[in-house]
Amino acid sequence: MAKHPVDKAKGKQNGKVSQKVKSHRDFLLRVFLFSVMVVGVVAWTDYWGYFNPDYTNDHTRRKWNAYYKLTRKAPVDVVMIGNSHLYTGMNPEHLSNALGATCFILASPGTTMTDAYFSLKEAVKVKKPKMVILETFTLYDYDSHELKAGALSDQFKSFAARKDVSQKLASMPVLFQSDNYLPAWSNTIRNHSFIFTDTTQLKQNILLGRQKPPREQGLYLGRYIRFTSGLEENTLKRYDEPGFVAYNYAEKLPGDEAKKYLKKAIALCKREKIELVLLTLPMYHRHLQGYEIYKNEILKTIGDKQSWLDMQLHYDTTAFTPESFENTVAPNQHMTYQGSLVAAYKLAHYLKKYHAEVIPDRSGERKWIELFYASDGFFINNSPLQDGVSKVLMTNVPVASEYQLKELILVPEQGAKQLMLKLVKPAEQMAVPNAFEVLADIQVERQTMTMPVKLARSPLHQPMGHLLYVSEYLHPETNIGEIKTIQVQ
Amino acid sequence: MLFNSFDFAVFLPLVYLLYWTLFQKHIKLRNLFLLTASYVFYGFWDWRFLSLILISSLMDYILAMKIYAAPLEQMRKRKTLLVLSLVLNLGFLGFFKYYNFFVESFIATFTLFGEDFSYSPMNIILPVGISFYTFQSLSYTLDVYFKKMEPTHKLINFLAFVSFFPQLVAGPIERAKKLLPQFDEVKQFDYQAARSGLLFILFGLFKKIMIADRLAVFINQTYGNIEEAKGIAMLTGVFFFAFQLYLDFSAYSDIAIGTARLFGFKLSTNFRRPYLSTSFSVFWKRWHITLSSWFQDYIYIPLGGNRKGMNRKIVNLLVVFFLSGLWHGASWNFVIWGLINGLFLILLDPLFKLEKPSGGMKRFFAAVLVFSGWTLSLVFFRAQTFGDAMLVFQNIGFGGVQALYEFGLNSRELSFALWLIVGMMVYEVIAEKWAETLQEKFYSVHYLLRWSVYLILTLSIIYLGAYGAGNDNSFIYFQF
């Protein structure tokens, strides 16, 4: 039956109206669905880590992983915040050993004071430490929104390594200009250029599937050994050149943003009742000038009441030798492994002298001793592979048919070398040897000779389940070849 | 705010949703909202220069009404008012864009005659888009003066017309006659328009981020190190720039057109496959069409156009190309670039009989000739100084293939860039053949295929695009 013209018109009109409403909703729904699909694909590649950088070099992520892991099972007493100057120039294991407290370095390369502040905020939120040590090399003139290339990449790394989503969201507008929000959150967006520039990493990521963070071997407190040899003669000669200055602090005065976030860090520590100590690790004393001007600029901002161990202003020429510094005249000079040990013990001394009441002494706590078992500094016999400095000579072999040798290693120690032997603690009925004699091919200054080295039992170190035997200090260039015999003395 | 920025990715959906949900039904409120959104859009770059747009717009709004109100017999008054509008508009443009250039040129001229002046250039910030919105606003007073249209009495509409954010900073330069009435229309959501708008935006982003910004890496390196860029590296840099400029600017126009469509506005086409042009005259009808037509309507034709003999036509053309060059930038290089293109049009079109080439091969060679001439002229457009441009010409060659990968793009990315250019040109040929029906054909295919195309384009931008730290992602025409 044919419809009445008025009904037809109504139907058409209704149809048109309803279609229009539906159309717009339909349009929005489709746009939404499409956006979900796109975000889903990116999230998927993020999840599988196809565009992740090589984890083994991502020390900032390792530090944060280790920090979260450590704070779950033990308190962290001292948190140290800074950039590469800190993690190469301070040895947290030795510092912990000297203080009898747990000290952790949460530093990332190239970090600014702003980034350091947000790292501090998250660290405090995870577990409130007793003390925060802030290294001052993060204080220079920068604008977080204007960072380019390497500095921006470092800031991305630091941001990506942190885990607390709310903290990250709060820090995002401060650390990045809006165009960098998405790269900050997504490895896919940040590293999409791998498709052209690093297909090896991309292939590796795809083949391996989702990369797990590297499992730490034992305790990891954020140390990173980068330099093991100090300033060489040729480099030292550069300092004799008239007018040569590698780093002029007077030209690197802290900018407004750095000052602002230093003040915020101080306020945060005050609010949370955390002791704050500023720390300046040195560069070689002939490397720089204008440091007083720089320091005065900071003092103008924070006053002179703030506890501050300044190893640059109060440079100790006997303790910090050319061996303590990276062999470079580039402005950004780091410390060596040797320098980091000196700095650690100087800091420990300062903290014991001025802040002893804040830091707990856990050296008698079994749980703490267990935590530090076999770590560098505590028993000296650190895992030699950790920093590539020590050399493993033997592992897990029987000695004199009664004893079990755990490790025999050659360790650089205080500008010399020491041979160390770790023995599995013998059963109670067995006699404890007082010393061992190792007969080996010893090479010193291109001469090799077979000779015995005596290792006496160390009264200072008592690793759990093991005994430690150490030699006298050997020539720093000593190398040990074939081990002929190991005899009980 | 850049179209390819995170800010815009947040701004656009927000403005879109508010526009269609809260303001659609009330025209005045809607236009006020669009005006506010446009000012926010511009203010993201530098809010201080909003006053400049506002003053310029208010002046033209008032002057146009006064011009229209003055009886035709009061020619002197009408002319005075028009001159006032021209002086004020061009005064702003002249000061911000050309002050240093004119003073330096003036001093250079006198120095030739032995006079010695000491002058340090003023540190003047060039307001983004000033050349575009000044021309758009000027066209309004000129049209009212020539009685081509009546002035509007709706201030908000006029302010929104001058500052309409999709085309505010880099065009298309719209005529009041076309765009202004659209602010009076009741807007109904149009699914087809919105859908095609999004496709325009997506396609624009693809051209910009995938191709233009990738080519920019190589071009910035070669033009930034002219001494080192020799042989084929320099040639590639020169060749790439022709594509970068086209894809960068046409991408901006596409996104502008697409964005306007989302709000129910229609903007003019600004590019129509210019690199398929078989003559220079056709090229200028396809390249930056809204600017070319502006110069044609307000300079060339009032000067007499081609109605006063061949000599006058040549002079008129040279005047137009001189001004077009100057419009692009305050440098003699731009003027030279403009004049070269004027001479190409005057000399090469008749010499090679390019106007009407017959046969496929002839058309092909004509297109190659036009493209080559244009590409070479762009050396003056891109080089910082006349000396640099000369050095570029000296360095162009076919040797030094090994050095090709030392200018920011590795072999993989360079090959990819070349394939993208080839792909883009194939698309242009197809689009030329099917012209207006291409979109219809696209929308008639199965939706799964269409969605696949959308997804491929989007994911290509994300995974293969040239963006991130170290990439310059601004649009070239922002500087004009």
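Reply: Helices here are DSSP runs (H or I, at least four residues), numbered from the N terminus. This is a predicted model: local features need pLDDT of at least 70, side-chain atom pairs count only at pLDDT 80 or more, and totals for linings use all residues. Residues are numbered from 1 along each chain as its sequence is written.

Five helices of chain B, namely α8 (191–224), α9 (232–262), α16 (411–434), α17 (437–444) and α18 (447–464), each give at least two residues to the lining of the second largest pocket. A pocket is an open set of points on a 1 Å grid, where a 1.4 Å probe fits, with protein on both sides within 12 Å along at least five of seven lines; lining residues have an atom within 4 Å of a point. The space inside is about 1,300 Å³. The lining counts 37 residues, and Phe200(B) and Tyr427(B) are among the closest to the centre. α8(B) supplies the largest share, eight residues. By class, 20 lining residues are nonpolar, seven polar and 10 charged.

Now look at α16. Trp434(B) lies in this helix of chain B. Trp434(B) is partly exposed, at 40% relative accessible area (buried is under 20%, exposed over 50%, partly exposed in between, with a 1.4 Å probe and protein chains only). Glu432(B) is in α16 too, and its partner Arg273(B) sits 159 residues away in the loop between α9 and α10. Their side chains meet in a salt bridge, 2.6 Å from N to O (a side-chain nitrogen of Lys or Arg within 4 Å of a carboxyl oxygen of Asp or Glu). Arg273(B) is buried at 15%, whereas Glu432(B) is partly exposed at 27%.

Definitions and conventions. Chains lettered and ligands numbered in written order. Heavy atoms only, no water. Points joined across faces, edges and corners; volume = space filled by probe spheres on them. Nonpolar A, V, L, I, M, F, W, Y, C, P; charged D, E, K, R; others polar.
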